[in-house]
Amino acid sequence: MSEIVRPPESVYNLLPKEEVHAEKPPRYMSKYRPQVVLEKKSTKDAMRTMGPAKVEVPSPDKYLKKQSKEPKLPAKTQCLKEARNTCTVRKPAVPARTDNPLMGIRTKRDFIKTATAVPMKPQPACVDSSKGHKQLLEKSGLLPKYIKKKHYGEVPEYLQQRNEEEQRAQEEYDNFVKEQREQGAMKHLSDEERQDILERLKKNWDQLQHEYQGLSLVTDTMSKKSRKERLEVAMKQLENDINLFERFKTVYIPNN
């Protein structure tokens, strides 16, 4: 069983205490309340009669009579009968027995050609849905129309113009290189010299690769990191040089 928790004993608890009653604040009332009540009463009283207050009451003598709202036709008079019997447009007269019909009238229409003409063939169409929707086969994109064009397979004009510009730029560059070489500013490497330089570059790259593979796997010091970075940069530069010598067969170098 849980023990009952009692307040601590004190002498002050024996003294009688006065009961304190909390006073509630007065209820809030808006200062616009009377005005709102008056506006509500004024609008409510205006609609109490379900319509206008004063309506003209119909007279008991003017009650709704039978067929009073049907449209009334004008009264029949002698003038209307005469107008109905008279006719403003007369029919043509009957031809006499002595009148001859018109002769020699011919038409330009060729009835034989019209009768022997071949009927028009229906245009081929294709159905592209299960509900029967069809479209013309020529406009559907299923016929090979593009490969049958007159200029199919030819090089476009803009590509021809671009090729001419590239060829002209290459010729200008070759002329410039030729002039510089004639002046002695540049030297043309022969195939033997280019192959010799290429083999030396590859040999240097093999040495750096062998040295790079001999590095330790753990680069925990600054010297190891710097050495590894230096070898990577040198190998990258050699790879670019080897790629340059392999791509271009004609190589020029300055004399100085």
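Which pattern does the chain follow when read along the sequence? It runs α-α-α-β-β-α-β-α-α-β, which comes to six helices and four strands. Helices here are DSSP runs of H or I with at least four residues, strands are runs of E with at least two, and both are numbered from the N terminus.

Before going further, a word on what you are looking at. This is a predicted model, in which local features need pLDDT of at least 70 and side-chain atom pairs count only at pLDDT 80 or more, while totals for chains, interfaces and linings use all residues. Residues are numbered from 1 along each chain as its sequence is written, and side-chain values use heavy atoms, with hydrogens and water left out.

Let's begin with the chain as a whole. Of its 256 residues, 6% count as buried; buried means under 20% relative accessible area, exposed means over 50%, and partly exposed lies in between (1.4 Å probe, protein chains only). Among contacts (heavy atoms within 4.5 Å) with a separation of 6 or more, 53% join residues 24 or more positions apart.

Now turn to helix α6, residues 222-247. Its 26 residues should span 38 Å at 1.5 Å a residue, and its end C-alpha atoms are 38 Å apart, so the two values agree. The expected span is 1.5 Å times one less than the number of residues. Leu231, Met235, Leu238, Ile242 and Phe245 are the buried residues of α6, and what covers them includes α5 (191-213).

Arg194 is buried yet has no salt bridge, and Asp191, the nearest side chain of opposite charge, is 4.5 Å away. A salt bridge requires a side-chain nitrogen of Lys or Arg within 4 Å of a carboxyl oxygen of Asp or Glu. Which residues does Arg194 contact, leaving aside its neighbours within four places in sequence? They are Phe245, Phe248, Lys249 and Val251.

Salt bridges do occur elsewhere: a search of the whole structure finds four. One of them joins Asp196 to Arg200, with the closest N and O atoms 3.3 Å apart. Both residues lie in helix α5, four residues apart, about one turn of the helix. Asp196 is partly exposed at 33% relative accessibility, whereas Arg200 is exposed at 53%.

Glu246 and Lys202 also meet through their side chains in a salt bridge (3.4 Å, N to O). This pair links distant parts of the chain, with Glu246 in helix α6 and Lys202 in helix α5, 44 residues apart. Glu246 is partly exposed at 37% relative accessibility, and Lys202 is partly exposed at 37%. Another salt bridge pairs Lys224 with Asp220, the closest N and O atoms being 3.5 Å apart. Here Lys224 is partly exposed at 34%, while Asp220 is exposed at 56%.

Finally, the aromatic rings. A search of the whole structure finds one aromatic pair. The rings of Tyr146 and Tyr152 have centres 5.6 Å apart and planes at 90°, so the pair is edge-to-face. Rings of Phe, Tyr and Trp (its six-membered ring) pair if their centres lie within 6.5 Å, with planes under 30 degrees apart called stacked, over 60 edge-to-face and the rest tilted. Tyr146 is exposed at 56%, and Tyr152 is partly exposed at 44%.

Technical notes
Lys and Arg count as positive and Asp and Glu as negative; His and the chain ends are not counted.
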